[in-house]
Amino acid sequence: MRLNKTFLFIAVFGLLASCSKSYLETKATDRIPEDEALTTTAGCWKLLNGVHRIMYSSQLGRQDLVGQGSNMMFMDVMGDDITISSTTDWFIYPYLWLSSHRNQTSALVYFNYNFYYEIINNINLLIDHVNDARGSDEDKKAILGQAYAYRGWAYFQMIQLFGERYDAAGDNDGPGLRITLHSQEKATPRASVRVVYDQINADLDKAIDLLGGYTRTNKSHLDKSVAQGLKARVALTQQDYQVALDMAKAARTGYTLMDSVTYMSGFNDYNTPEWMWGMHQQENQTTYFASFFAYMSCNFPAQNIQTSPRTIVDTLYYLIPSTDVRWQLWDSTGTNHSFPVPLDADGKEIGARVKFMQRKFKVKDPAMSIGDVPVMRAAEMYLIEAEANFYLHNDAAAQQVLYELVKKRDPAYKITTKNRDALEYEIFVQRRIELWGEGFRFYDLKRLDIPLDRSRHDRAWSSYLKRTGKPSIDERWQFLIPQAEIDATHGVVKQNPL
Amino acid sequence: MKKILVPLSLAALVSGVLPARSHGQTQGARQTAPKKSDTVVIPPSQRLKNWSDSSTAQTLGDVVVVAYGTQKKASLTGAVAQISDSQFAKRPITNILDGLTAIGPGLQSTLSSGQPGSTSNLRVRGFGSISAGSSPLMVVDGMVYDGDPSGINPADVATMSLLMDAASTALYGSRGSNGVIVITTKKGSRGKKTAVQFKMNQGVNVRMLPEYAQVNAYEYYPLMWEYYRNGLVSSQGGYLANKYATEGIKENLGYNPFNVPDDEIVDINGKLNPNAKLLYADDLDWEKAGTRKGFRQDYTMSFNGGNENADYYASVGYITDKGYTPTADFKRWNGRVNANARLNSFIKAGVNVYGSTTNTNQTPAYGSGYIVNPFYFSRTVGPIYPVHAHDPNGAYVLDKNGQHIYDDGIHTNGNRPFSPGRNALAEGELNVNYLTGIAMGARTYVDATLAKGLKLTTNLGLDQETTESYSYLNPTIGDGSPAGSLSRGNARMKSYSFNQLLNYNKSWDGHSIEAMIGHENSSRETISSNITVRNQIAPGNKLELENYTTVTEAPTSSTVEKRIEGYLSRINYDYSNIYYLSASLRRDGNSLFAASKRWYNFGTVSGAWRISKEDFFHSSFVNDLKLKASYGSVGNDNVGTYVYQSGYMVNNNAQEPGYIYGLIANKDLTWESNRSMNIGVEFSLFKGRISGNIDVYNRITSGLIFNVPQPLSGGGTPSGAFSIWMNVGNLYNRGVELTLNTEVIKGRNFNWDFTLNAMTVKNKITSMPESIKEIISGTKKLEVGHSIYDFYLYSWKGVDPANGDALYELDDKIAYEDNAPYDDPDKTIKGVRYTTASARAKRDYQGSAIPDLQGSFRSDMRYKNFSLNLVCTYQIGGKTYDGVYASMMTPSFGNSLSKDILKRWQATGDQTDVPRMDYLKGAGFAGSSNRWLVSATSLTVNSINLGYDFNRAALQRLHLSGLQTYLSVENAYQFSARKGMNVLQTFSGTTGDVYLPRRVYSLGVIANL
């Protein structure tokens, strides 16, 4: 049995032989390891670019949740300047305030909460690591500056939704937000509205300081003017009018307002000189129907646009003189064929035409839902300046700055001597017309403590929500905190009054 | 009594201990009686053939395939069940796992989707995990199989074993805790001349379950009028509300399917116009329009034979299986060759090679809310909307070829509110969801006898599977509009296992020992890539990338690999076939976990005592009686790959490179550990007329893996807040299992065997970590003291007879408000406080989805040449949350309604449990409450088979050695508490809009040459 002994030897050898030590070391190829990602400023820039992309990424796998664009759409449909022309509209529930922002398990509240914290967590990682990264101080300042601007902005967006209205005359000690300033901290209770605003201002002040010498490569990045513009928005919301005035003025320096040709070109190009901050989407990063332009444009053939094109409330439309370029953005007849609608593959119109439908937003290529989305435009700064001047009782200055803006829209516009009520009315009419569809209305109503009034919304379903109480009294102006947050923090984060 | 030792499955196959599975043989002479007294070998097909044999009496003598080998059933110390091909050969199954029905009590199965080739979900002895996978491990011909079970031809399978307890699965270490299914394919019979079998099955697939009972078009319009009217009352007052509802209901519903004017369909009192007649009554049945009779054809030709030193089995199979929806079909070509040879006195070797190609068209039955899902669409669309387009007079609109065209729901005079612009049937016809796959692999071994009783075996198993997938969206209607788009993906899975096993056995003076040590390493690698393009150029060319102008998603690819290395050992001891002791140990290293958590020892000890063999045991009616017990530990590694490696994921901003934080890793994560105990008794009574076993099991899972949701304020990715995989918490599954085989009637011409399987599962969470004491997820809450499938829902309290409000128990943490300024959600009736808004309602435990008792039974009757076989599964107790029904009871303009909505509250004083229909109260009245729970007690008739065996004498002239024909109905019927509801859809007791199971009527022939 000599041969068998040979086999026995082989057998024992084979059994004892184990695999090499590295056999069980497998490495993920789909991720950048944590310890490599932020060791250089180049890596930190990449994280910042990733955050820019979040701004227009589809969230929670849902078609109606696409980054900041969705927040903008919610803010408009929950207001009174946009009417909804079909019950099958994706946004019918938020429009009716039904089962949406007051439902703690709705995707809407989950999104409007988690989306901003998603940005904040990445920003916190940047803030935690950029100082130790290899690279130039110049880069570090630019990165940190943008990081603080983002964080201030994100908290500001949320506090206006989840906290009670800021009242400069009040204590503002109602529940605000959980503040997290470093990545992956233990859950803490909600800080008060006042404390959250303090944090927002601290971040924005740092951002303005750090972004002093930074020139950005494109407008998806935040520079000093954007940080100043954000500070102006925050100050306006806090009724701190002098700061709002100063910041808005500084922010718009260097930007030129659109001419009337550009104004009609579709609000889809972030290189438009008037734009201060915008999201830019390219065709191989498309999000299909999860796009601002799949709801807000007039010519992309999404089901929503085909059946429920976006419309302006008639009372606002009728305040626009026909000499104003903005008068051309809406079709009061619903029959004007110079307004583009979705076409099928054969070029046949397949979109409904309804009265007061819009053409402010258009896609460049109707086969693609992509388009650049404006987050901040210089026109808003003019409007902030006008409003701040008005409340500082600089009526003439308010009139003048309003004139500078509206003259570009309506060559026939003139400064007319107005009493204060008329001037105030004029400032807000211009604001509503100029910023229509750009996500301001809910915030504006809340900060100005104006009840929702949809008495002129004439669709059958509009009757389900005609008006609300004042935002300072009616608790429905506060979004509910998502139940998932309360569950995951074991009640450390508490709910708003139900 | 000498026992044949069969330490390894493939070795065992070669050694011939397993019965020959020659088809020629099955129809041939009676199987010769086993030579070895204790190893009674029953050919799997013999029960079918030889009904005068009391085969069930022999169950204690069967040989079963176990981990890394085979074992006599008599010597088993663990819990193992086995099914052989005779029990599924005549069922028209496309996926082999469907043949497991009634294998034994320990297996719980969902009813397979009707998509041909799809795989049912399986659980062994309860639910051992919450977030990690709970499906049993699959082993084919001795090696772990990572491929798709639908690639296996059921006609090639000889036996399937179910390994349930730790004693049986411990040698699979970190993969063994969910149980193991061991599939063994056929082999040739040594020393027989070549036999050929031709097997053919022709059938037709139809939908098994009917649609839920829904209201018709005549009922629908007045109901929706009422829904609209009741919504208007609050703002308009009664009279105006009626008036506006009559005038405006058509605007809300979009379509007027009647021959009366739009504002005269429903009168001011809510009554349908008596003159209203439907314009297109024949075109409202979406279910009928979206289903067909799908033909199923299944052929296998096989050969087997051998000489003194070699044997072979070879087969070729073809199946074409068309689903009952026009967009579902499955085609498969199979080939297999299994050859074994004895090279000399001490070396044996064999190879078992297989290959298959599959082509699948899939119906996109992805679940609720997917418009392209024809099941969701056809059951959700209201009964007034036609499938095809009609002109205002009701006539079909025709295309230029004179054919009907599908209705897209958009018209100048009104849109269909449900999915306007869409039509799932049209989109199904125009879109493509296609997969084409190739699978191939091999099992090979060399078996060397080194010395008396000492044997070395080396096994190599390789499985490879490549799938190309195509998802085409047409430019005409739906998500591909207006340009058309195509996604193509390619996935390649390659897995191998390599082991070296040294077996030793020795017997002396009644003692018998067999021991095994071994080493094994295995790897599974999946490589995939995807690309999406848009803007189709030539309309006819759908599936090629260059026929599109634009890349809409940057191409992606991924590579994922999992590796395992293990050291194995086992020792079996018995004395005089009375006392058995067994122990095994596996030291496993698993690449899914960080180096410090990677290695662990899994082991088991078990024993059995065959009391009936003791001298003192005297019983006139007990022929065999065995007690057994086992205890051991195994693991569950079914978590995602690389979860211990944190990192950032790519997220470029246009041209600028970017990434974001993607995953919070847990370096301490390890497998769930499962300690399992089994105590059982096996018996055979009255000369085998009654036999069976009773087992009591207790499976304790510790270090339960949860994907623990993190606070939303901690950030996340675009898919949502972060969650972290953690080992937290414990649970157990306990229960009793019973198998009872009875030969009810045993006569010359008539036999009736009946097998009953029954099982209880008691599932309970015993520990949750301090930081997450409860997790609410969907309709369930996970908490100590409850099962993982306990429903946690709003507490439904009925309907207020005064105004039809839905009533729930008010959450005691929410302040009562019946005079809030803008809303008065709460009310007091007869001194009891309620809320009418589900969001304010108390949530509570409302029963469990797990049945009190579940199991299966088989009935096998034979009268002369006729046979009648029946396989059923049943469950008693437990509840189903019928979400499909809930959405049909929640009115919405354009959506269908359940017939039960006719019981709604209508006027003051109505006593009902269906609240007022009211546009304003959609979600609040219809929250996830126990209102939607229904009994899950059910009986499913899985298979009925009527067969005829031709007499051999008659066949000789045809040169056939055997011929059987049969008629079969698969998934014949399900008895349940509600028409249309599939109780066996999920283990968690929920229903959804999925591809409902199919019923197969078929006619089969098995001919042996």
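Strand E1 of chain A pairs up with a strand from the other chain: 2 bridges tie E1(A) to strand E23 of chain B, residues 647–650, and the two run antiparallel. If you want to find one of these spots in the viewer, look for Ile32(A), whose bridge partner in E23(B) is Tyr648(B). Keep in mind as you look around that this is a predicted model.

Now step back to the whole contact between the chains. Chain A puts in 80 residues and chain B puts in 82 residues. On the chain A side, E1 (32–33) is one of the elements that supply at least two residues each. The others listed with E1 are helices: H1 (2–16), H2 (34–37), H3 (41–54), H6 (107–129), H13 (303–307) and H19 (483–488). What kinds of residues make up the side of chain A that touches chain B? They split into 33 nonpolar, 34 polar and 13 charged.

Next, turn to a pair of helices within chain A. Two packed helices are described by the angle between their axes and the distance between the axes. Here H16(A), residues 395–409, packs against H17(A), residues 420–434, at an angle of about 30°, and their axes are 11 Å apart. Angles under 35 degrees count as roughly parallel, so H16(A) is roughly parallel to H17(A). As for handedness, H16(A) passes H17(A) in a left-handed crossing.

Which residues meet there? From H16(A) come Asp395(A), Ala398(A), Gln399(A), Leu402(A) and Val406(A). Facing them from H17(A) are Arg420(A), Leu423(A), Glu426(A), Ile427(A) and Gln430(A).

Methods. Residues numbered from 1 in each chain as written. Chains lettered and ligands numbered in written order. Predicted model: local features only at pLDDT ≥ 70, side-chain atom pairs only at ≥ 80, totals over all residues. Contact = placed C-beta atoms within 7 Å. Helix = DSSP H or I, 4+ residues; strand = E, 2+ residues; numbered from the N terminus. Nonpolar A, V, L, I, M, F, W, Y, C, P; charged D, E, K, R; others polar. Pairing = 2+ DSSP bridges. Axes fitted to C-alpha atoms, helices over the stretch in contact; angles between N-to-C directions. Parallel < 35°, antiparallel > 145°, perpendicular 65-115°, else oblique. Left-handed = near helix turned anticlockwise from the far one by under 90°.
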